[in-house]
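Biologist: I have this one open for the first time. Can you walk me through it?

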Amino acid sequence: MRAVQITESDGVASLTVVTLPSPQGDGVLIDVAYSSLNFKDAMCVRPGSRVRRRTPLVGGVDAVGIVRVDPTGRFTPGMLVIASGGDIGTARDGGFATELLADPVTLTIAPDGLTARQAAICGTAGWTAMASLLALQQHGCRPDDGDILVTGATGGVGSFAIALLAHAGYRVVASTGSTEDHDWLHELGAHEIIGRDDISDNPDRVLATERWAGAIDCVGGQTLHQILRSLRYGGVVAASGLVAGADLSTTVYPFITRAVSLVGIDAVLAPAAQRQAVWELLRDVSRTLDFEQLTHHTVSLDGVAAALDELARGTVRGRVVVQP
Ligand SMILES: NC(=O)c1ccc[n+]([C@@H]2O[C@H](COP(=O)([O-])OP(=O)(O)OC[C@H]3O[C@@H](n4cnc5c(N)ncnc54)[C@H](OP(=O)(O)O)[C@@H]3O)[C@@H](O)[C@H]2O)c1
């Protein structure tokens with residue numbers, strides 16, 4: 001099979017397209033139709049990465065493909081499946097390859113009507129955005145409650161969150177560091193665009209003006225703190241990421257005086273029933289929302305290294321699909 005392999009030597013990590021024997025061992029053998037680029041993939045190619053747990057490693061934290069062989073009998077040859085989560089592309093060879101040997105617990109049968117390409121455009125980022133929207137809804141956040149903030153707006157999770165929220169009827173405010181992608185963000189459904197530092201006011205007070213009925217945040221750090229102090233009474237933020245930092249320094253006041261909720265979103269160890277339910281919601285939305293508008297471009301295995309470099313430099317908007 002052909003694959004994009006990460007190696008590291010003398011503190012330098014490299015990505016190379018290599019030819020490897022077909023994977024063998026426990027697991028479901030899949031012919032990969034698509035994979036996609038995610039922030040975690042960029043973390044895996046950093047020298048000394050703590051996300052990547054072995055080297056050499058075939059990268060790619062998700063994949064979509066056709067089952068060729070399943071020794072467990074749970075999946076039928078020819079079935080379209082989505083592989084994501086677990087240790088795919090971090091401790092176990094991942095989706096930047098023509099073949100993938102997947103742990104069955106990381107596989108979801110693609111819902112009827114969702115194409116392989118649509119599933120790949122979503123990938124882990126789109127799944128996370130939909131799981132975040134679901135969390136807001138489960139906490140009672142409705143379209144007429146007020147503005148929903150989306151941070152990291154031009155990224156994979158952020159751009160999907162904007163499109164999904166707008167599609168569901170919410171008024172979306174997009175926070176971005178980009179000055180070039182405002183038209184595109186409006187096209188996705190953002191009603192208003194603000195800068196990364198415009199999330200809250202009253203910096204000298206414990207709490208800011210109540211502004212957001214809800215928020216989908218993949219940025220973390222100080223950004224999440226600013227969201228918490230500017231959520232409206234009873235507001236909710238779904239937090240999935242850490243692009244601005246993993247530390248969260250905040251106060252209890254938003255929780256004990258405004259009854260706000262901070263909900264964690266995890267795509268890695270999400271239970272099978274949740275995975276399936278979120279993919280079914282994405283399939284439902286795919287009937288009326290064109291996922292192609294969320295695609296930055298499609299690359300072959302030979303284009304993965306350059307595309308990951310772009311992602312790390314912040315010059316990608318939306319999703320990069322990999323077609324091995
Ligand atoms: N919990 C989970 O299971 C899960 C699943 C998927 C992703 N994630 C996490 O979610 C985060 C986003 O993933 P992604 O795939 O959407 O990444 P991405 O495509 O690289 O997007 C990240 C976006 O964050 C913004 N950003 C970048 N650096 C920033 C900084 N220093 N301060 C503030 N904003 C910054 C940029 O948007 P603007 O230029 O528009 O501001 C960028 O496009 C990552 O931390 C990832 O690990 C977690």
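Modeller: Let me begin with a sheet: three strands form an open sheet in the order β2-β1-β4, and their pairing is antiparallel. Strands are DSSP runs of E with at least two residues, helices are runs of H or I with at least four, and both are numbered from the N terminus. Two strands pair if DSSP finds at least two bridges between them. This is a predicted model, where local features need pLDDT of at least 70, side-chain atom pairs count only at pLDDT 80 or more, and totals for chains, interfaces and linings use all residues. Residues are numbered from 1 along each chain as its sequence is written.

Biologist: Which strands stand at the edges there?

Modeller: β2 (12–19) and β4 (57–58), each with a single partner strand, so one side of each has no neighbour in the sheet. Strand β1 (residues 2–9) pairs with β2 over eight bridges in the antiparallel sense. In that pairing, Gln5 stands opposite Thr16 in β2.

Biologist: What does β5 pair with?

Modeller: Strand β5 (residues 62–69) pairs with strand β3 (residues 28–36) over six antiparallel bridges, and five bridges join β5 to strand β6 (residues 80–84), again antiparallel. Ile30 has Val67 of β5 as its bridge partner, and Asp62 stands opposite Ser84 in β6.

Biologist: Changing topic, what are the domains?

Modeller: The domain assignment gives domain 1 (2–109 + 290–322) and domain 2 (124–264); such bounds come from an automatic or database assignment. Their centres, taken over C-alpha atoms, are 29 Å apart. Ten residues from domain 1 and 13 residues from domain 2 make the contact, where contact is defined as C-beta atoms, placed from the backbone, within 7 Å.

Biologist: And the six strands, in what order do they come?

Modeller: The order is β11-β10-β9-β12-β13-β14, in an open sheet with parallel pairing. Angles run from 0 to 180 degrees between N-to-C directions, with axes as lines fitted to C-alpha atoms, for helices over the stretch in contact.

Biologist: Which helices lie across those strands?

Modeller: α2 lies across β12, β13 (231–239) and β14, at about 155 degrees to β13. α3 lies across β9, β10 (172–176), β11 and β12, at about 155 degrees to β9.

Biologist: How does α2 pack with α7?

Modeller: Helix α2 (residues 116–138) and helix α7 (residues 272–286) pack at about 110 degrees, with axes 9 Å apart. They are therefore roughly perpendicular, a term for angles of 65 to 115 degrees. Residues in the contact include Trp127 and Met130 of α2 and Trp279 and Leu282 of α7.

Biologist: Last one: what sits around the ligand?

Modeller: There are 31 residues around the ligand, and Phe39, Gly152, Gly155, Thr176 and Gly241 come nearest. A residue counts as near if its C-beta atom, placed from the backbone, lies within 6 Å. α1 (39–44), α2 and α3 (156–167) each supply at least two residues of the shell, and each of domain 1 and domain 2 gives at least three.

Definitions and conventions:
Two residues are in contact if their C-beta atoms, placed from the backbone, lie within 7 Å. Angles under 35 degrees count as roughly parallel, over 145 as roughly antiparallel, 65 to 115 as roughly perpendicular and the rest as oblique.
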